[in-house]
Amino acid sequence: MGKPNITFRLYAITGENYHPGRSMVSVMEQAIRGGADIIQLRAKDTSKRELLAQAYALRELTRRYDVPLLINDHIDVALAAEADGVHLGQEDLPLAEARRILGEDRIIGISTHNIAQALEAQAGGADYIGVGPVYPTGTKPGRQAVTTDYVREAAAQVRIPFVAIGGITLDNVDAVLEAGATRICAVSAIVGSDQPAETARAFKQRIRAYNAHGASASSLKQVLINGRQEWTDAVTIAGLVEQYGLGAKRIVVELNGVILAREAWLHTSVDEGAKLELVHFVGGG
Ligand SMILES: Cc1ncc(COP(=O)(O)OP(=O)(O)O)c(N)n1
Ligand SMILES: Cc1nc(C(=O)O)sc1CCOP(=O)(O)O
Ligand SMILES: [Mg+2]
């Protein structure tokens with residue numbers, strides 16, 4: 001099977017209380033369409049039966065969009081629903097036990113609230129860690145904020161992917177990115193938004209702007225890649241293929257409906273609104 005790709009940037013977590021009258025699947029679909037590239041099912045007051053039903057529904061959705069699905073807290077539900085992994089906190093099942101049950105092919109994320117916990121999770125083989133709560137948040141009331149100081153520490157010392165979480169909104173995300181986060185996670189700001197896709201898109205744009213090392217937001221272009229809206233600062237098709245880690249792979253690039261010869265990638269610009277299909281051939285032959 002092999003571990004799913006976890007090169008995520010925007011992590012959206014479910015929070016049904018934040019969108020009364022709208023279905024979880026439709027809200028999460030909008031988040032994905034806006035650019036959320038990993039999803040977590042988190043429902044603290046739901047029966048296990050109901051959680052499993054939700055996991056099946058999100059499993060179908062995330063497979064359709066080729067986005068990893070993680071289950072908060074419940075390893076058994078993750079296994080039953082064939083999710084890509086779990087997220088565990090400091091009071092959940094320990095990482096070593098979880099790894100023994102889940103094996104190497106599933107993702108395990110661990111919440112951390114200080115650098116000692118972060119380094120312990122890293123040494124224990126976590127695939128990523130959560131760093132938070134950066135700001136006070138109604139989603140986890142009563143938890144003391146770790147502030148952007150801990151984000152700065154994590155950026156300096158942690159060598160596995162870390163995602164900043166907790167009270168992050170479009171109004172404060174720049175400070176979190178400035179502190180060194182390259183991945184952002186949100187519940188209320190995305191699923192509580194009237195327009196989850198637009199909000200996710202705006203988060204993704206800010207993340208990409210900071211990740212592009214010196215690229216200003218104005219150098220970003222919005223393009224459609226395999227049916228998904230993405231932001232890129234790539235100048236050429238060759239650069240864009242590299243950005244997606246596909247440079248060495250056997251792929252075909254279709255640009256605005258026309259197949260582009262590999263020799264032309266270096267000389268073809270990526271323009272705002274470009275429609276791309278990146279088709280990756282798997283297997284030998
Ligand atoms: C990405 C991410 N980070 C942190 C958490 C919090 O996990 P935990 O501390 O176990 O708290 P609960 O979510 O279980 O209330 C998370 N779920 N996801
Ligand atoms: C679930 C969770 N875990 C946190 C941690 O720091 O471990 S903060 C948090 C809540 C995130 O929700 P919102 O984006 O609505 O603040
Ligand atoms: Mg937990």
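**Annotated loop and ligand shell**

Leaving aside neighbours within four places in sequence, alanine 43 is in contact with Thr14, Glu16, Leu51 and Gln54, where contact means that the two C-beta atoms, placed from the backbone, lie within 7 Å. This is a predicted model, in which local features need pLDDT of at least 70 and side-chain atom pairs count only at pLDDT 80 or more, while totals for chains, interfaces and linings use all residues. Residues are numbered from 1 along each chain as its sequence is written, and chains are lettered from A and ligands numbered from 1 in the order in which they are written.

**The loop residues**
- Alanine 43 lies in the loop between β2 and α2, strands (E, at least two residues) and helices (H or I, at least four) being DSSP runs numbered from the N terminus.
- Alanine 43 counts as buried because it has 21 C-beta neighbours inside 10 Å; the cut-offs are 20 or more other C-beta atoms within 10 Å for buried, 12 or fewer for exposed, and partly exposed in between, with C-beta atoms placed from the backbone.
- Arginine 42 is found in the loop between β2 (38-41) and α2 (48-65), and counts as partly exposed because it has 19 such neighbours inside 10 Å.
- Beyond four places in sequence, arginine 42 is in contact with Ile13, Thr14, Gly15 and Asn72.

**Annotation**
- An unreviewed UniProt entry places the feature "binding site" at positions including Arg42, Ala43, Asn72 and Ser111; the positions follow the numbering used here, feature names are shortened, and annotations may be inferred rather than shown by experiment.

**Ligand 1**
- Of the 16 residues around ligand 1, His87, Gly89, Ser111, Gly130 and Ile165 come nearest, a residue being near if its C-beta atom, placed from the backbone, lies within 6 Å of the molecule.
- The elements that give two or more residues to this shell are β1 (10-13) and β5 (107-112).
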